[in-house]
Amino acid sequence: MTDSFLDRLRALVGDAHLVTDPPAMTPYLADWRGRFTGRARAVVLPADTLEVAQVVQACAEARVPIVPQGGRTGLVLGSVPDASGAAIVLSLRRLNRIRSIDAANRTMTVEAGCILEDIQQAAMEGGMLFPLSLAAEGSCTIGGNLSTNAGGTAVLRYGNTRELCLGLEVVTAQGQVWDGLRGLRKDNTGYALRELFIGAEGTLGVITAAVLKLYPQPKAALTALVALESPRGALALLSLLQDRCGAALTGYELMSDFCLRLVATQFPDLPKPFATHYPFYALVELSSNESEDQAAELVETAVGAALDTGIALDAVLATSSGQALGLWKLREHIPLAQAAAGKNIKHDISLPVSSIPEFIERTDSALQAAFPACQVVCFGHLGDGNLHYNVAPPDGIGHDSFLSHQDAVNRIVHDSVAAMNGSISAEHGIGALKREDLVRYKPRVELDMMRAIKAALDPLGIMNPGKIL
Ligand SMILES: Cc1cc2nc3c(=O)[nH]c(=O)nc-3n(C[C@H](O)[C@H](O)[C@H](O)COP(=O)(O)OP(=O)(O)OC[C@H]3O[C@@H](n4cnc5c(N)ncnc54)[C@H](O)[C@@H]3O)c2cc1C
């Protein structure tokens, strides 16, 4: 049986780039965490912006939903299609060219399907830094990073992906190309359209290229792991480091001892920096644009002061880049260790930094009251007020059976977040996973404005339906 819609797509992108064979489609349909596998009419892999525009036009005419997809590392089911099989998956992976580097403007123009690590590498080869960094950087794409406004480990110093973007090229839901690749640091000519597409999770249009900000390569970066009594100690250390080191403080990650025990069990070859266990740890990164000596002096005096005042219980300073990498691996392997240990109930929340200790105390005790001996996997970007506050079953209870309590656990955690003026999604987005919670916690007036924007930019409702709203 012929399918004229698919024939049209095939003519646009070429037979090799239209995937309809079910086994070949499977890798594009599955969630990274293995919770769900969707269905699709086809997976389409256009080569360039023009082909993306033509595919979107064909979908608009046939009223076929589009699920834009980058590296498929998103954690909220945003880039996988639903179970209906009505949508096409639009993979941006072939749009993977670095179009240009403008050293004087300190920008680079890249296509949406570029892998984040390749962008970091290209910036480095040009003698500069693209500072976005996250554990999925070997497979996530910049189009996905922009569409989720990804955070990562350097937000404290450089901001989220939104702050790293000066311009976008977008294919609208009607299949028009908007060339907004201007690279301007100032442009007050009306509504900030770029900002709408960043963090829109593919629900308003398809990002095909972006102008990114570049920074000087630091001369040195030093890493320390500091042992702490509690999240209150972690907050005190953050404050001390900010006072003493200012913009040199580029990363500040919190990890509970339970996280490091999980990593040690699942990845026994990774370093074990301390001979004993402490309740919490902060992974600290300081950079210097002057010299390694200056960075070393900064970190030694600041951590020394934390030890002298009793804020820190112990500390390890990495003395080589290999050691620093080993300490970062501990942090980066927490999500992988959790995944290997079994499914748990995840949260990606943010709060004013000052409220984090109280949030952890309050929420830990509410969870223990409801689910005695449940285990909290608490880690995250404390410097940005962002915690990955995940809940695993008590020892001896199966991970799958504990998932039946997901709604009740989510309610405890998210009510606590809302009561303290926080956000239920700090950096992963809403996708299909947190839509109900969005409605529960976002004020009605905000939801109404979001729906009006969606209706104006995607009147046919073909862009990633069922995600966010
Ligand atoms: C181990 C691990 C660690 C992680 N750590 C972090 C972290 O520290 N910080 C963080 O923020 N996230 C983190 N993530 C989540 C994830 O890596 C980010 O959300 C990332 O930005 C997604 O990029 P992607 O290319 O994989 O996008 P995908 O998963 O393919 O897509 C994500 C969303 O963007 C949309 N989309 C993708 N490309 C486009 C495009 N070109 N145009 C329009 N819409 C598009 C999709 O439809 C979907 O809604 C982590 C994930 C893993 C697996």
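**Contacts, helix packing and salt bridges**

Ser-79 touches Tyr-28, Val-67, Pro-68, Gln-69 and Arg-72 (contact: heavy atoms within 4.5 Å), not counting residues up to four places away in sequence. The model is predicted, with local features needing pLDDT of at least 70 and side-chain atom pairs pLDDT 80 or more, while totals for chains, interfaces and linings use all residues. Residues are numbered from 1 along each chain as its sequence is written, and side-chain values use heavy atoms, leaving out hydrogens and water.

Ser-79 sits in the loop between strand 3 (66–69) and strand 4 (88–91) (strands: DSSP E runs of at least two residues). With a relative accessible area of 16%, Ser-79 is buried (under 20%; exposed is over 50%, partly exposed in between; 1.4 Å probe, protein chains only).

Turning to helices (DSSP H or I runs of at least four residues), helix 8 (residues 231–245) packs against helix 12 (residues 356–370) at about 170 degrees, their axes 8 Å apart. That angle makes the two helices roughly antiparallel (over 145 degrees). Here Pro-231, Arg-232 and Leu-235 of helix 8 meet Pro-357, Glu-358, Ile-360 and Glu-361 of helix 12.

The structure holds 20 salt bridges (a side-chain nitrogen of Lys or Arg within 4 Å of a carboxyl oxygen of Asp or Glu). In one of them, Glu-111 pairs with Arg-97 at 3.1 Å, N to O. Glu-111 belongs to strand 6 (residues 107–111) and Arg-97 to the loop between strand 4 and strand 5 (98–102), so the pair ties together parts 14 residues apart in sequence. Glu-111 is buried at 5% relative accessibility, whereas Arg-97 is partly exposed at 40%.

Definitions and conventions
Axes are lines fitted to C-alpha atoms, for helices over the stretch in contact, and angles run from 0 to 180 degrees between N-to-C directions. Angles under 35 degrees count as roughly parallel, over 145 as roughly antiparallel, 65 to 115 as roughly perpendicular and the rest as oblique.
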